[in-house]
Amino acid sequence: MPMMTAASALLSHWIAHLRDERRFAANSTEAYERDVSAFLDFLQSHLGGEPDAQALAELEPRDLRAYLAFRRQGPDALGDRSISRALAAIRSFYRYLERRHSVTNARLSLVRGPKLKRPLPRPVSEAAARDLISEAQTAAGEEWIGARDAALVTLLYAAGLRISEALALDGGDRPLPEMLRVVGKGGKERLVPLLAAARQAVERYAELCPFALTEDAPLFRAARGGAMSPRMAQALMETLRGRLGLPSSATPHALRHSFATHLLANGGDLRAIQDLLGHESLSTTQAYTSVETQKILQSYRRAHPRA
């Protein structure tokens, strides 16, 4: 692609690549597009016109630092975590430009983002996980919706799925096998064992569902028959945690954290848990050991007479 190509066109190609080739989730794609669009908008003002591929290749570290400083100002100022995310998106965009369009700019790698302390995962307890499944069954007004909600919560907790992975299942995946093939982030596949309780919960929902769960149709349906959305799942968890008095951290993703934490607490192997979660790096999975260590310390401080 010529060096005169507008940056906005390059952005469109990159987003299509993330969506169609790498199979990124819609939320992730939108976040990447939003961050890089904001960067390109800044450059248009900063450089006095819309940048092209050559301008992107010639940017200096001071230009990128100027953008990051700009995003820290005003009523919509970004914090450290959002700045780090924006910088990661820009770097991902440049990696794509180098691979696909021979646009290189090694100088920008000199710009470092803020140092972040990774927050610990916040799982729910084993008792709370059981209560969430039970409450999901009875909270809905219609029996089939209660069965759907219980099946979804059971699946998230029993298999450690991301909400996008669970909602990507379709009628052709039924009956769910003992080893489920899951397509995760970046189109990466993994095999996850399914407990009989999860498979049975999904089948019970399927039997009660008033809509035809055909091979090319979503497995989890909204009340009017369309696909259940991530926002609907989040709203479900908001309702359940309100009824059970659980903290705001009890989200759909907290069930994935609970899956990993409870496996580790009951003797699960860290490497095996890494594979089950689909983590590329073991260090990501090791965060769950910190959760267990923190629980041990809390128990010690509560129980020891000199603590």
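Start your tour by selecting Ser 102, which is exposed because its relative accessible area is 59% (exposed means over 50%, buried under 20% and partly exposed in between, with a 1.4 Å probe and protein chains only). Ser 102 sits in the loop between helix H5 (80-101) and H6; helices (H or I, at least four residues) and strands (E, at least two) are DSSP runs, numbered from the N terminus. Colour its backbone, too: Ser 102 is not a glycine, yet its phi is positive, about 55 degrees.

Before you move on, a word about what is on your screen. This is a predicted model, in which local features need pLDDT of at least 70 and side-chain atom pairs count only at pLDDT 80 or more, while totals for chains, interfaces and linings use all residues. Residues are numbered from 1 along each chain as its sequence is written, and side-chain values use heavy atoms, with hydrogens and water left out.

**Stop: another positive phi**

Now pick Arg 23, in the loop between helix H1 (7-21) and helix H2 (26-47). Arg 23 is not a glycine either, and has a positive phi of about 55 degrees. Is Arg 23 buried or exposed? With a relative accessible area of 58%, Arg 23 is exposed.

**Stop: the domains**

Select 7-110 and then 136-303: these are domain 1 and domain 2, with bounds that come from an automatic or database domain assignment. Their C-alpha centres lie 33 Å apart.

Next, click Glu 58 in helix H3 (residues 53-58). Glu 58 counts as partly exposed, because its relative accessibility is 48%. Setting aside neighbours within four places in sequence, Glu 58 is in contact with Asn 105 and Arg 107, where contact means heavy atoms within 4.5 Å. Draw a distance from Glu 58 to Ser 249: the residues are 191 apart along the chain, and their C-alpha atoms are separated by 44 Å.

**Stop: the nonpolar cores**

Show side chains for Leu 152, Val 153, Leu 155, Leu 161, Tyr 205, Phe 220 and Leu 255. Of the 43 residues in the largest nonpolar core, these touch the most other members. Such a core is a set of buried Ala, Val, Leu, Ile, Met, Phe, Trp, Tyr and Cys residues joined through side-chain atoms within 4.5 Å. Two or more residues each come from H6, H7, H8, E1, helix H9 (196-208) and helix H10 (230-244). Which element gives the most to this core? That is H7, with 12 residues.

Zoom in on Leu 155. Beyond its neighbours within four places in sequence, Leu 155 is in contact with Gly 160, Leu 161, Ala 166, Leu 169, Leu 176, Leu 194, Ala 198 and Phe 220. Another core, of 31 residues, lies apart from the largest one and includes Ala 7, Leu 11, Leu 18 and Leu 78.

**Stop: a loop with prolines**

Go to the loop between H8 and E1, where you will find Pro 175. Check omega here: the peptide bond from Arg 174 to Pro 175 is cis, with omega near -10 degrees. Pro 177 lies in the loop between helix H8 (163-167) and strand E1 (179-183) as well. Pro 177 is partly exposed, with a relative accessible area of 34%. Residues up to four places away in sequence aside, Pro 177 touches Leu 194 and Arg 199.

**Stop: helix H11**

Select residues 252-265 for helix H11, which holds His 257. His 257 counts as buried, because its relative accessibility is 16%. Not counting residues up to four places away in sequence, His 257 touches Pro 121, Arg 122, Pro 123 and Tyr 288.

Ala 260 is in helix H11 too. Is Ala 260 buried or exposed? At 0% relative accessibility, Ala 260 counts as buried. With residues up to four places away in sequence left out, Ala 260 touches Ile 273, Leu 277 and Tyr 288.
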